[in-house]
2 protein chains.
Amino acid sequence: MSTAKKILIADDEPDILEIIQFNLQQEGYEVVTAKSGDDAIEQAKRHLPDLIILDVMMPGKNGLEACNILRNMPAFKKTLIVFLTAMSDEGTQIQGLETGADDYLSKPIRPKVLLSKVNSLFRRFEKEDSGIITLGEIAIDREKYLVRHDGKDITLARKEFELLALLASRPGKVFLRNEILNQIWGTEVIVGDRTIDVHIRKIRQKLDLDCITTVKGVGYKFEL
Amino acid sequence: MSTAKKILIADDEPDILEIIQFNLQQEGYEVVTAKSGDDAIEQAKRHLPDLIILDVMMPGKNGLEACNILRNMPAFKKTLIVFLTAMSDEGTQIQGLETGADDYLSKPIRPKVLLSKVNSLFRRFEKEDSGIITLGEIAIDREKYLVRHDGKDITLARKEFELLALLASRPGKVFLRNEILNQIWGTEVIVGDRTIDVHIRKIRQKLDLDCITTVKGVGYKFEL
DNA sequence: TGCCTGCTTAACAATTTGATAATATTATAA
DNA sequence: TTATAATATTATCAAATTGTTAAGCAGGCA
(Lines give C-alpha, C1' and ligand atoms only; values in the text may rest on other atoms or scores of the structure.)
Protein backbone atom coordinates (compact mmCIF):
# COMPACT_ATOMS: atom_id res chain seq x y z
CA MET A 1 0.00 0.00 0.00
CA SER A 2 1.84 3.08 -1.08
CA THR A 3 -0.62 5.60 0.22
CA ALA A 4 2.06 6.82 2.59
CA LYS A 5 2.59 10.56 2.65
CA LYS A 6 5.62 11.65 0.70
CA ILE A 7 8.02 14.18 2.14
CA LEU A 8 10.83 15.97 0.37
CA ILE A 9 13.69 17.25 2.46
CA ALA A 10 16.25 19.67 1.08
CA ASP A 11 19.39 20.49 2.99
CA ASP A 12 23.02 20.69 2.03
CA GLU A 13 24.23 18.98 5.18
CA PRO A 14 24.16 15.20 4.69
CA ASP A 15 24.05 14.58 8.45
CA ILE A 16 20.88 16.54 8.95
CA LEU A 17 19.36 15.03 5.88
CA GLU A 18 20.01 11.59 7.25
CA ILE A 19 18.67 12.27 10.71
CA ILE A 20 15.45 13.71 9.41
CA GLN A 21 15.06 11.01 6.83
CA PHE A 22 15.52 8.26 9.36
CA ASN A 23 13.01 9.68 11.79
CA LEU A 24 10.35 10.33 9.21
CA GLN A 25 10.74 6.88 7.74
CA GLN A 26 10.36 5.35 11.17
CA GLU A 27 7.08 7.15 11.36
CA GLY A 28 5.91 5.63 8.12
CA TYR A 29 6.52 8.49 5.74
CA GLU A 30 8.07 8.08 2.33
CA VAL A 31 11.09 10.32 2.10
CA VAL A 32 12.89 11.94 -0.81
CA THR A 33 15.96 14.08 -0.33
CA ALA A 34 17.64 16.91 -2.18
CA LYS A 35 20.97 18.62 -1.65
CA SER A 36 20.24 22.07 -3.00
CA GLY A 37 17.49 24.42 -3.96
CA ASP A 38 17.67 23.43 -7.61
CA ASP A 39 17.76 19.80 -6.69
CA ALA A 40 14.71 20.31 -4.50
CA ILE A 41 12.71 21.76 -7.37
CA GLU A 42 13.85 18.89 -9.55
CA GLN A 43 12.84 16.25 -7.02
CA ALA A 44 9.58 17.99 -6.23
CA LYS A 45 8.57 17.90 -9.86
CA ARG A 46 9.45 14.24 -10.10
CA HIS A 47 7.90 12.98 -6.87
CA LEU A 48 5.10 15.45 -6.15
CA PRO A 49 5.51 15.26 -2.37
CA ASP A 50 2.82 16.12 0.15
CA LEU A 51 5.22 18.13 2.24
CA ILE A 52 8.45 19.91 1.40
CA ILE A 53 10.98 20.78 4.06
CA LEU A 54 13.43 23.40 2.84
CA ASP A 55 16.58 24.53 4.54
CA VAL A 56 16.77 28.28 4.16
CA MET A 57 20.52 28.39 3.60
CA MET A 58 21.64 26.21 0.76
CA PRO A 59 24.14 26.57 -2.08
CA GLY A 60 22.74 27.56 -5.44
CA LYS A 61 19.18 28.60 -4.84
CA ASN A 62 18.31 29.06 -1.19
CA GLY A 63 15.13 27.83 0.40
CA LEU A 64 13.18 31.03 -0.01
CA GLU A 65 13.93 31.19 -3.71
CA ALA A 66 13.07 27.56 -4.20
CA CYS A 67 9.81 28.06 -2.35
CA ASN A 68 8.97 31.04 -4.48
CA ILE A 69 9.53 29.12 -7.66
CA LEU A 70 7.55 26.15 -6.44
CA ARG A 71 4.64 28.24 -5.28
CA ASN A 72 4.38 29.72 -8.73
CA MET A 73 3.90 26.31 -10.24
CA PRO A 74 0.28 25.17 -10.19
CA ALA A 75 1.24 21.72 -8.96
CA PHE A 76 2.59 23.13 -5.71
CA LYS A 77 0.03 25.78 -4.91
CA LYS A 78 -1.42 23.71 -2.13
CA THR A 79 1.59 21.65 -1.13
CA LEU A 80 2.73 22.07 2.44
CA ILE A 81 6.06 23.85 2.62
CA VAL A 82 8.07 24.21 5.80
CA PHE A 83 11.31 26.09 6.33
CA LEU A 84 14.23 24.87 8.27
CA THR A 85 16.12 27.77 9.72
CA ALA A 86 18.77 28.61 12.24
CA MET A 87 17.76 32.23 12.14
CA SER A 88 14.89 33.14 14.34
CA ASP A 89 14.67 36.69 13.17
CA GLU A 90 11.35 38.13 12.13
CA GLY A 91 12.69 39.30 8.79
CA THR A 92 13.28 35.84 7.45
CA GLN A 93 9.99 34.64 8.82
CA ILE A 94 8.10 37.41 7.10
CA GLN A 95 9.93 36.69 3.89
CA GLY A 96 8.96 33.09 4.34
CA LEU A 97 5.34 33.93 4.86
CA GLU A 98 5.36 36.05 1.75
CA THR A 99 6.65 33.20 -0.29
CA GLY A 100 3.97 31.05 1.22
CA ALA A 101 5.52 28.84 3.84
CA ASP A 102 3.17 26.95 6.11
CA ASP A 103 5.42 26.72 9.09
CA TYR A 104 8.90 26.89 10.52
CA LEU A 105 11.30 24.51 12.10
CA SER A 106 14.32 25.94 13.80
CA LYS A 107 17.68 24.32 14.09
CA PRO A 108 18.99 22.51 15.95
CA ILE A 109 16.35 19.94 15.16
CA ARG A 110 14.88 17.76 17.85
CA PRO A 111 13.48 14.66 16.19
CA LYS A 112 10.42 14.53 18.42
CA VAL A 113 9.61 18.14 17.74
CA LEU A 114 10.06 17.56 14.05
CA LEU A 115 7.77 14.57 14.09
CA SER A 116 5.04 16.16 16.08
CA LYS A 117 5.15 19.24 13.89
CA VAL A 118 4.99 17.22 10.72
CA ASN A 119 2.18 15.11 12.07
CA SER A 120 0.19 18.06 13.25
CA LEU A 121 0.65 19.81 9.94
CA PHE A 122 -0.86 16.89 8.11
CA ARG A 123 -3.58 16.58 10.68
CA ARG A 124 -4.47 20.22 10.42
CA PHE A 125 -4.60 19.99 6.69
CA GLU A 126 -6.78 16.94 6.63
CA LYS A 127 -9.10 18.23 9.28
CA GLU A 128 -9.90 21.25 7.24
CA ASP A 129 -10.56 19.16 4.23
CA SER A 130 -13.79 17.58 5.33
CA GLY A 131 -15.66 17.10 8.50
CA ILE A 132 -17.20 13.77 7.67
CA ILE A 133 -15.41 10.72 6.40
CA THR A 134 -17.67 8.31 4.58
CA LEU A 135 -16.53 4.87 3.62
CA GLY A 136 -19.06 2.36 2.46
CA GLU A 137 -21.55 1.84 5.24
CA ILE A 138 -19.50 3.69 7.76
CA ALA A 139 -19.55 7.41 8.36
CA ILE A 140 -17.29 9.14 10.81
CA ASP A 141 -18.41 12.57 11.86
CA ARG A 142 -15.72 14.50 13.63
CA GLU A 143 -17.99 17.34 14.51
CA LYS A 144 -20.63 15.18 16.08
CA TYR A 145 -18.18 12.72 17.53
CA LEU A 146 -20.30 10.00 16.05
CA VAL A 147 -19.81 6.90 14.01
CA ARG A 148 -22.73 5.65 11.97
CA HIS A 149 -22.81 2.11 10.79
CA ASP A 150 -25.81 0.57 9.12
CA GLY A 151 -28.04 3.43 10.14
CA LYS A 152 -27.17 3.02 13.78
CA ASP A 153 -25.27 5.65 15.68
CA ILE A 154 -22.41 4.27 17.64
CA THR A 155 -20.80 6.21 20.43
CA LEU A 156 -17.15 5.66 21.02
CA ALA A 157 -15.12 6.95 23.91
CA ARG A 158 -12.73 9.72 23.09
CA LYS A 159 -9.58 7.72 22.57
CA GLU A 160 -11.46 5.08 20.66
CA PHE A 161 -12.97 7.67 18.42
CA GLU A 162 -9.71 9.44 17.78
CA LEU A 163 -8.02 6.19 16.98
CA LEU A 164 -10.70 5.13 14.55
CA ALA A 165 -10.76 8.56 12.96
CA LEU A 166 -7.03 8.45 12.52
CA LEU A 167 -7.03 5.06 10.86
CA ALA A 168 -9.99 5.96 8.70
CA SER A 169 -8.42 9.22 7.63
CA ARG A 170 -6.30 7.23 5.23
CA PRO A 171 -7.99 3.98 4.43
CA GLY A 172 -5.60 1.27 3.47
CA LYS A 173 -2.57 2.97 4.93
CA VAL A 174 -0.85 0.99 7.60
CA PHE A 175 -0.24 3.06 10.70
CA LEU A 176 2.82 2.06 12.64
CA ARG A 177 2.38 1.80 16.35
CA ASN A 178 4.75 4.71 16.84
CA GLU A 179 2.77 6.76 14.45
CA ILE A 180 -0.42 6.03 16.32
CA LEU A 181 1.17 6.85 19.64
CA ASN A 182 2.45 10.17 18.36
CA GLN A 183 -0.79 11.19 16.76
CA ILE A 184 -3.12 10.27 19.55
CA TRP A 185 -1.07 10.38 22.70
CA GLY A 186 1.50 12.92 21.60
CA THR A 187 5.21 12.67 22.03
CA GLU A 188 5.19 13.41 25.71
CA VAL A 189 2.84 10.83 27.10
CA ILE A 190 4.20 7.34 27.21
CA VAL A 191 1.91 4.37 27.26
CA GLY A 192 2.53 0.70 26.77
CA ASP A 193 1.98 -1.14 23.54
CA ARG A 194 -0.92 -3.23 24.83
CA THR A 195 -2.91 -0.05 25.29
CA ILE A 196 -3.34 0.34 21.58
CA ASP A 197 -4.51 -3.24 21.24
CA VAL A 198 -7.12 -2.79 23.88
CA HIS A 199 -8.54 0.28 22.22
CA ILE A 200 -8.53 -1.44 18.86
CA ARG A 201 -10.41 -4.29 20.42
CA LYS A 202 -13.06 -2.02 21.86
CA ILE A 203 -13.60 -0.39 18.51
CA ARG A 204 -13.93 -3.76 16.83
CA GLN A 205 -16.40 -4.76 19.47
CA LYS A 206 -18.59 -1.69 19.23
CA LEU A 207 -18.65 -1.60 15.47
CA ASP A 208 -19.31 -5.23 14.86
CA LEU A 209 -17.99 -4.68 11.38
CA ASP A 210 -14.50 -5.99 10.79
CA CYS A 211 -12.83 -2.93 9.41
CA ILE A 212 -9.53 -2.78 11.20
CA THR A 213 -6.85 -5.12 9.96
CA THR A 214 -3.80 -6.07 11.90
CA VAL A 215 -0.53 -6.09 10.05
CA LYS A 216 1.61 -8.12 12.32
CA GLY A 217 4.94 -6.61 13.22
CA VAL A 218 3.93 -3.35 11.59
CA GLY A 219 0.69 -1.81 12.75
CA TYR A 220 -2.97 -1.43 11.89
CA LYS A 221 -4.95 -0.25 8.94
CA PHE A 222 -8.53 0.63 8.23
CA GLU A 223 -10.15 -1.34 5.46
CA LEU A 224 -13.67 -2.14 4.49
CA MET B 1 -19.52 24.92 4.34
CA SER B 2 -21.15 25.22 0.95
CA THR B 3 -20.02 28.50 -0.54
CA ALA B 4 -16.70 30.03 0.35
CA LYS B 5 -16.89 33.20 2.41
CA LYS B 6 -15.55 36.28 0.70
CA ILE B 7 -13.16 38.55 2.55
CA LEU B 8 -11.95 41.99 1.54
CA ILE B 9 -8.66 43.19 2.95
CA ALA B 10 -7.57 46.79 2.71
CA ASP B 11 -4.04 47.83 3.61
CA ASP B 12 -1.48 49.99 1.93
CA GLU B 13 1.41 47.70 2.76
CA PRO B 14 1.71 45.02 0.07
CA ASP B 15 3.61 42.69 2.43
CA ILE B 16 0.84 42.57 4.96
CA LEU B 17 -1.76 42.28 2.28
CA GLU B 18 0.01 39.28 0.87
CA ILE B 19 0.54 37.53 4.16
CA ILE B 20 -3.08 37.86 5.14
CA GLN B 21 -4.29 36.92 1.71
CA PHE B 22 -2.19 33.80 1.61
CA ASN B 23 -3.27 32.60 5.00
CA LEU B 24 -6.93 33.21 4.43
CA GLN B 25 -6.81 31.49 1.09
CA GLN B 26 -5.14 28.51 2.69
CA GLU B 27 -8.10 28.42 5.01
CA GLY B 28 -10.46 28.26 2.09
CA TYR B 29 -11.69 31.82 1.99
CA GLU B 30 -12.07 33.84 -1.15
CA VAL B 31 -9.98 36.97 -0.88
CA VAL B 32 -10.17 40.39 -2.49
CA THR B 33 -7.64 43.11 -1.76
CA ALA B 34 -7.61 46.87 -1.79
CA LYS B 35 -4.76 49.34 -1.36
CA SER B 36 -6.60 52.33 0.05
CA GLY B 37 -9.78 53.41 1.70
CA ASP B 38 -11.32 54.51 -1.55
CA ASP B 39 -10.22 51.33 -3.23
CA ALA B 40 -11.78 49.36 -0.39
CA ILE B 41 -15.15 51.01 -0.92
CA GLU B 42 -14.85 50.37 -4.60
CA GLN B 43 -14.02 46.70 -4.16
CA ALA B 44 -16.67 46.24 -1.50
CA LYS B 45 -19.37 47.52 -3.83
CA ARG B 46 -18.17 45.23 -6.56
CA HIS B 47 -17.65 42.02 -4.57
CA LEU B 48 -20.04 42.34 -1.62
CA PRO B 49 -17.74 40.54 0.79
CA ASP B 50 -18.88 38.79 3.97
CA LEU B 51 -16.08 40.31 5.98
CA ILE B 52 -14.04 43.47 5.51
CA ILE B 53 -10.66 43.91 7.17
CA LEU B 54 -9.61 47.55 7.18
CA ASP B 55 -6.25 48.96 8.12
CA VAL B 56 -6.85 52.07 10.15
CA MET B 57 -3.98 54.02 8.65
CA MET B 58 -4.16 54.26 4.89
CA PRO B 59 -3.54 56.97 2.35
CA GLY B 60 -6.57 58.76 1.01
CA LYS B 61 -9.43 57.76 3.20
CA ASN B 62 -8.39 55.94 6.35
CA GLY B 63 -10.09 52.87 7.71
CA LEU B 64 -12.44 54.72 10.02
CA GLU B 65 -13.70 56.93 7.26
CA ALA B 66 -14.13 54.03 4.90
CA CYS B 67 -16.04 52.14 7.55
CA ASN B 68 -18.30 55.09 8.16
CA ILE B 69 -19.12 55.41 4.51
CA LEU B 70 -19.73 51.71 4.12
CA ARG B 71 -21.95 51.52 7.17
CA ASN B 72 -24.14 54.21 5.72
CA MET B 73 -24.79 52.14 2.65
CA PRO B 74 -27.68 49.70 3.10
CA ALA B 75 -25.70 46.88 1.51
CA PHE B 76 -23.12 46.95 4.29
CA LYS B 77 -25.31 47.50 7.32
CA LYS B 78 -24.81 43.95 8.43
CA THR B 79 -21.42 43.16 6.94
CA LEU B 80 -18.71 42.21 9.39
CA ILE B 81 -16.04 44.87 9.59
CA VAL B 82 -12.78 44.46 11.45
CA PHE B 83 -10.04 47.00 12.01
CA LEU B 84 -6.38 46.35 11.69
CA THR B 85 -4.45 48.65 13.93
CA ALA B 86 -1.03 49.20 15.38
CA MET B 87 -2.43 51.66 17.84
CA SER B 88 -3.85 50.20 20.94
CA ASP B 89 -5.13 53.45 22.31
CA GLU B 90 -8.63 53.73 23.60
CA GLY B 91 -9.51 56.70 21.44
CA THR B 92 -9.20 54.85 18.18
CA GLN B 93 -11.06 51.86 19.50
CA ILE B 94 -13.94 53.96 20.71
CA GLN B 95 -14.08 55.74 17.39
CA GLY B 96 -14.10 52.36 15.73
CA LEU B 97 -16.96 51.14 17.82
CA GLU B 98 -18.96 54.23 17.03
CA THR B 99 -18.48 53.70 13.34
CA GLY B 100 -19.63 50.14 13.79
CA ALA B 101 -16.64 47.88 13.74
CA ASP B 102 -17.23 44.34 14.89
CA ASP B 103 -13.76 43.64 16.15
CA TYR B 104 -10.10 44.53 16.19
CA LEU B 105 -6.89 42.95 15.07
CA SER B 106 -3.67 44.47 16.25
CA LYS B 107 -0.39 44.52 14.39
CA PRO B 108 1.94 42.80 14.19
CA ILE B 109 -0.27 40.08 12.85
CA ARG B 110 0.21 36.49 13.83
CA PRO B 111 -1.37 34.33 11.14
CA LYS B 112 -2.80 31.86 13.63
CA VAL B 113 -4.45 34.59 15.63
CA LEU B 114 -5.84 36.14 12.51
CA LEU B 115 -7.31 32.88 11.34
CA SER B 116 -8.88 31.96 14.62
CA LYS B 117 -10.36 35.42 14.95
CA VAL B 118 -11.81 35.36 11.48
CA ASN B 119 -13.20 31.90 11.98
CA SER B 120 -14.78 32.78 15.28
CA LEU B 121 -16.26 35.95 13.85
CA PHE B 122 -18.08 33.99 11.22
CA ARG B 123 -19.21 31.55 13.82
CA ARG B 124 -20.60 34.29 15.98
CA PHE B 125 -22.30 35.83 12.98
CA GLU B 126 -23.99 32.61 12.05
CA LYS B 127 -25.17 32.22 15.58
CA GLU B 128 -26.75 35.64 15.73
CA ASP B 129 -28.15 35.37 12.29
CA SER B 130 -31.20 33.30 12.98
CA GLY B 131 -33.85 34.76 15.24
CA ILE B 132 -35.91 31.73 16.13
CA ILE B 133 -34.67 28.19 16.11
CA THR B 134 -37.29 25.51 15.90
CA LEU B 135 -36.38 21.92 16.47
CA GLY B 136 -39.11 19.38 16.90
CA GLU B 137 -41.23 20.45 19.83
CA ILE B 138 -38.76 23.02 20.97
CA ALA B 139 -38.64 26.62 19.83
CA ILE B 140 -35.93 29.01 20.90
CA ASP B 141 -36.62 32.70 20.50
CA ARG B 142 -33.49 34.76 20.74
CA GLU B 143 -35.20 38.09 20.95
CA LYS B 144 -37.57 37.24 23.73
CA TYR B 145 -35.20 35.00 25.62
CA LEU B 146 -37.91 32.41 25.58
CA VAL B 147 -38.04 28.72 25.06
CA ARG B 148 -41.27 26.98 24.19
CA HIS B 149 -41.61 23.32 24.75
CA ASP B 150 -44.86 21.44 24.32
CA GLY B 151 -46.86 24.64 24.21
CA LYS B 152 -45.47 25.82 27.51
CA ASP B 153 -43.23 28.83 27.78
CA ILE B 154 -40.12 28.21 29.79
CA THR B 155 -38.04 31.02 31.17
CA LEU B 156 -34.34 30.45 31.37
CA ALA B 157 -31.82 32.73 33.02
CA ARG B 158 -29.56 34.55 30.61
CA LYS B 159 -26.55 32.27 30.80
CA GLU B 160 -28.75 29.23 30.64
CA PHE B 161 -30.48 30.60 27.62
CA GLU B 162 -27.29 31.54 25.83
CA LEU B 163 -25.87 28.15 26.48
CA LEU B 164 -28.92 26.39 25.15
CA ALA B 165 -29.09 28.70 22.16
CA LEU B 166 -25.46 28.05 21.38
CA LEU B 167 -25.82 24.31 21.51
CA ALA B 168 -29.04 24.42 19.54
CA SER B 169 -27.51 26.66 16.89
CA ARG B 170 -25.84 23.58 15.51
CA PRO B 171 -27.78 20.54 16.55
CA GLY B 172 -25.61 17.47 16.81
CA LYS B 173 -22.35 19.34 16.84
CA VAL B 174 -20.29 18.69 19.90
CA PHE B 175 -19.19 21.92 21.53
CA LEU B 176 -15.92 21.59 23.36
CA ARG B 177 -15.85 23.08 26.80
CA ASN B 178 -13.37 25.67 25.64
CA GLU B 179 -15.54 26.54 22.74
CA ILE B 180 -18.46 27.09 25.05
CA LEU B 181 -16.37 29.20 27.37
CA ASN B 182 -15.16 31.36 24.51
CA GLN B 183 -18.54 31.85 22.97
CA ILE B 184 -20.48 32.57 26.11
CA TRP B 185 -18.02 33.93 28.58
CA GLY B 186 -15.48 35.35 26.14
CA THR B 187 -11.75 34.88 26.24
CA GLU B 188 -11.16 37.25 29.09
CA VAL B 189 -13.42 35.94 31.80
CA ILE B 190 -12.26 32.79 33.46
CA VAL B 191 -14.71 30.52 35.17
CA GLY B 192 -14.33 27.04 36.52
CA ASP B 193 -15.36 23.94 34.67
CA ARG B 194 -18.17 23.06 37.08
CA THR B 195 -19.93 26.24 36.09
CA ILE B 196 -20.83 24.82 32.72
CA ASP B 197 -22.12 21.64 34.28
CA VAL B 198 -24.33 23.50 36.66
CA HIS B 199 -25.90 25.53 33.91
CA ILE B 200 -26.39 22.43 31.84
CA ARG B 201 -28.08 20.80 34.75
CA LYS B 202 -30.48 23.69 35.23
CA ILE B 203 -31.41 23.61 31.58
CA ARG B 204 -32.03 19.90 31.74
CA GLN B 205 -34.15 20.45 34.80
CA LYS B 206 -36.28 23.25 33.42
CA LEU B 207 -36.86 21.61 30.09
CA ASP B 208 -37.67 18.18 31.32
CA LEU B 209 -36.86 16.98 27.82
CA ASP B 210 -33.56 15.20 27.54
CA CYS B 211 -31.99 17.15 24.74
CA ILE B 212 -28.45 17.80 25.85
CA THR B 213 -26.03 14.95 25.56
CA THR B 214 -22.71 14.75 27.31
CA VAL B 215 -19.76 13.55 25.32
CA LYS B 216 -17.34 12.71 28.04
CA GLY B 217 -13.90 14.14 27.64
CA VAL B 218 -15.09 16.33 24.81
CA GLY B 219 -18.11 18.49 25.49
CA TYR B 220 -21.86 18.76 25.06
CA LYS B 221 -24.23 18.60 22.15
CA PHE B 222 -27.86 19.37 21.52
CA GLU B 223 -29.91 16.51 20.24
CA LEU B 224 -33.58 15.75 20.12
C1' DT C 1 -32.47 48.17 53.74
C1' DG C 2 -33.97 43.64 52.81
C1' DC C 3 -35.50 40.35 49.62
C1' DC C 4 -35.03 38.01 45.39
C1' DT C 5 -32.68 36.23 41.39
C1' DG C 6 -28.92 34.68 38.84
C1' DC C 7 -24.07 33.28 38.65
C1' DT C 8 -20.22 30.98 40.43
C1' DT C 9 -17.88 27.95 43.29
C1' DA C 10 -16.81 24.28 46.63
C1' DA C 11 -17.44 19.76 48.09
C1' DC C 12 -18.60 15.36 47.39
C1' DA C 13 -20.87 11.47 44.75
C1' DA C 14 -21.35 8.95 40.65
C1' DT C 15 -19.76 7.63 36.52
C1' DT C 16 -16.77 6.69 32.72
C1' DT C 17 -12.53 6.16 30.81
C1' DG C 18 -8.02 4.63 29.99
C1' DA C 19 -3.93 1.95 31.23
C1' DT C 20 -1.97 -2.19 32.69
C1' DA C 21 -1.19 -6.90 34.08
C1' DA C 22 -2.02 -11.48 33.22
C1' DT C 23 -3.25 -14.88 30.16
C1' DA C 24 -4.66 -16.90 25.78
C1' DT C 25 -4.20 -17.04 21.02
C1' DT C 26 -2.31 -16.40 16.58
C1' DA C 27 1.08 -15.70 12.93
C1' DT C 28 5.71 -16.33 11.26
C1' DA C 29 10.30 -17.95 10.64
C1' DA C 30 13.55 -21.49 11.43
C1' DT D 1 6.33 -28.57 13.04
C1' DT D 2 7.87 -26.05 16.69
C1' DA D 3 9.60 -22.09 18.90
C1' DT D 4 9.03 -17.38 19.28
C1' DA D 5 7.38 -12.99 18.85
C1' DA D 6 3.39 -10.32 18.28
C1' DT D 7 -1.28 -9.53 19.10
C1' DA D 8 -6.04 -10.56 21.31
C1' DT D 9 -8.69 -10.87 25.24
C1' DT D 10 -10.18 -10.23 29.78
C1' DA D 11 -10.47 -8.35 34.21
C1' DT D 12 -9.12 -4.90 37.30
C1' DC D 13 -7.91 -0.54 39.22
C1' DA D 14 -6.61 4.29 39.23
C1' DA D 15 -7.50 8.56 37.27
C1' DA D 16 -10.15 11.72 34.92
C1' DT D 17 -14.56 13.64 34.07
C1' DT D 18 -19.06 14.88 35.05
C1' DG D 19 -23.39 15.19 38.09
C1' DT D 20 -25.48 17.09 42.10
C1' DT D 21 -26.33 19.82 45.92
C1' DA D 22 -25.88 23.57 48.70
C1' DA D 23 -23.89 27.78 49.92
C1' DG D 24 -21.93 32.42 49.07
C1' DC D 25 -21.97 36.69 46.64
C1' DA D 26 -23.30 40.50 43.81
C1' DG D 27 -26.66 43.25 41.65
C1' DG D 28 -31.47 44.67 40.85
C1' DC D 29 -35.55 46.30 42.80
C1' DA D 30 -39.39 47.28 45.89
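Guide: We begin with two helices of chain B: α6(B) and α8(B) pack with their axes 9 Å apart, at an angle of about 85 degrees. Helices (H or I, at least four residues) and strands (E, at least two) are DSSP runs, numbered from the N terminus. Axes are lines fitted to C-alpha atoms, for helices over the stretch in contact, and angles run from 0 to 180 degrees between N-to-C directions. The model is predicted: local features need pLDDT of at least 70, side-chain atom pairs count only at pLDDT 80 or more, and totals for chains, interfaces and linings use all residues. Residues are numbered from 1 along each chain as its sequence is written, while chains are lettered from A and ligands numbered from 1 in the order in which they are written.

Visitor: What word describes the orientation of α6(B) to α8(B)?

Guide: Angles under 35 degrees count as roughly parallel, over 145 as roughly antiparallel, 65 to 115 as roughly perpendicular and the rest as oblique. α6(B) is therefore roughly perpendicular to α8(B).

Visitor: Which residues make the contact?

Guide: Two residues are in contact if their C-beta atoms, placed from the backbone, lie within 7 Å. From α6(B) come Lys159(B), Glu160(B), Leu163(B) and Leu164(B), and from α8(B) come His199(B), Lys202(B) and Ile203(B).

Visitor: How do α6(B) and α7(B) cross?

Guide: Their axes come within 10 Å and cross at roughly 125 degrees, so α6(B) and α7(B) are oblique to each other. On the α6(B) side are Lys159(B), Glu162(B), Leu163(B) and Leu166(B), which meet Ile180(B), Gln183(B) and Ile184(B) of α7(B).

Visitor: Now the sheet in chain A. What is the order of its strands?

Guide: Two strands pair if DSSP finds at least two bridges between them. The order in this open sheet of 3 strands is β10-β12-β11 (chain A), and the pairing is antiparallel. β10 (174–176) and β11 (212–215) of chain A are at the edges with a single partner strand each, so one side of each has no neighbour in the sheet. Direction ignored, neighbouring strands are turned by 30 degrees against each other on average.

Visitor: How many bridges join the strands, and which residues are partners?

Guide: β10(A) pairs with β12(A), residues 219–222, over 3 bridges. Phe175(A) has Tyr220(A) as its bridge partner, and Val174(A) has Lys221(A). β11(A) and β12(A) are joined by 4 bridges, with Val215(A) opposite Gly219(A). These two strands form a hairpin with 3 residues between them, and Gly217(A) in the turn has a positive phi of about 80 degrees.

Visitor: Which residues surround DNA strand D?

Guide: A residue is near a molecule or strand if its C-beta atom, placed from the backbone, lies within 6 Å of it. There are 17 residues around DNA strand D, the closest being Asp197(A), Arg201(A), Thr214(A), Asp197(B) and Thr214(B). α8(A) gives the largest share of this surface, 6 residues.
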